[in-house]
Each structure stands twice: as C-alpha cells, then as structure tokens.
Amino acid sequence: MNALGYLRAMFTVDDMTETLEKLRKCGAQLVGEVVRYKNAYLLCYIRGPEGLLIGLAQEIG
C-alpha cells in the first residue's frame, strides 16, 4: 500500500465497522485487514468497484 505509484485517498470515519458494512453493500472489498496503529487509530484499505484504493481511519478513544 505504501509504495511509489499507488494512488489512493484516505478518509476519517466515526465507526469503522458500520462504514465497512455500508461500503461492502456497494461493492467495495477490504484489502488485507483492519489494523490498530499505536493504540490511536483503526486503519484499513478498501478497493472500490472501479479499482480505486481508499484508506479509512477511525480515531480510537
């Protein structure tokens, strides 16, 4: 995901689980898994139906 040439956008979300559920219904697929970063964020990438890579971040706490 963090390689030269990857085009992506990243968005903050309030509820990762709910957001992923809604996006899956629209054809998005989780790339890898949801990870916890430094006990501050939940992070993941999804790929939309058109192939665009989108990052999602939820602040923990």
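This report covers the largest nonpolar core of a predicted model and three residues, I46, V13 and Q58.

## Nonpolar core

Nine residues form the largest nonpolar core: V13, M16, L20, A28, L42, C44, I46, I54 and L56. Helix α1 (16–25) and strands β3 (41–47) and β4 (53–59) each give two or more residues to this core. Strand β3 provides the largest share, 3 residues. In soluble globular proteins, nonpolar side chains tend to be buried together.

## I46

I46 belongs to the core. Beyond its neighbours within four places in sequence, I46 is in contact with L20, L23, A28, Q29, L30, V31, L52, L53, I54 and L56. Of these contacts, L20, A28, I54 and L56 are also core members.

## V13

V13, another core residue, lies in the loop between β1 (8–12) and α1. Its relative accessible area is 14%, under the 20% cut-off, so V13 counts as buried.

Once residues up to four places away in sequence are set aside, V13 touches T19, L56, A57 and Q58. For A57, the C-alpha separation from V13 is 6.0 Å, although the two residues are 44 residues apart along the chain.

## Q58

Q58 sits in strand β4. With a relative accessible area of 17%, Q58 also falls under 20% and is therefore classed as buried.

The side chain of Q58 reaches the backbone nitrogen of M16 at 2.7 Å. Residues up to four places away in sequence not counted, Q58 touches V13, D14, D15, M16, A40, Y41 and L42. Among them, V13, M16 and L42 are part of the nonpolar core.

Terms used. Residues are numbered from 1 along each chain as its sequence is written. This is a predicted model: local features need pLDDT of at least 70, side-chain atom pairs count only at pLDDT 80 or more; totals for chains, interfaces and linings use all residues. Side-chain values use heavy atoms; hydrogens and water are left out. A nonpolar core is a set of buried Ala, Val, Leu, Ile, Met, Phe, Trp, Tyr and Cys residues joined through side-chain atoms within 4.5 Å. Buried means under 20% relative accessible area, exposed over 50%, partly exposed in between (1.4 Å probe, protein chains only). Helices (H or I, at least four residues) and strands (E, at least two) are DSSP runs, numbered from the N terminus. Contact means heavy atoms within 4.5 Å. A polar contact is a pair of N or O atoms within 3.5 Å; within protein, one must be able to donate a hydrogen and the other to accept it, and residues adjacent in sequence count only if both atoms are side-chain atoms.
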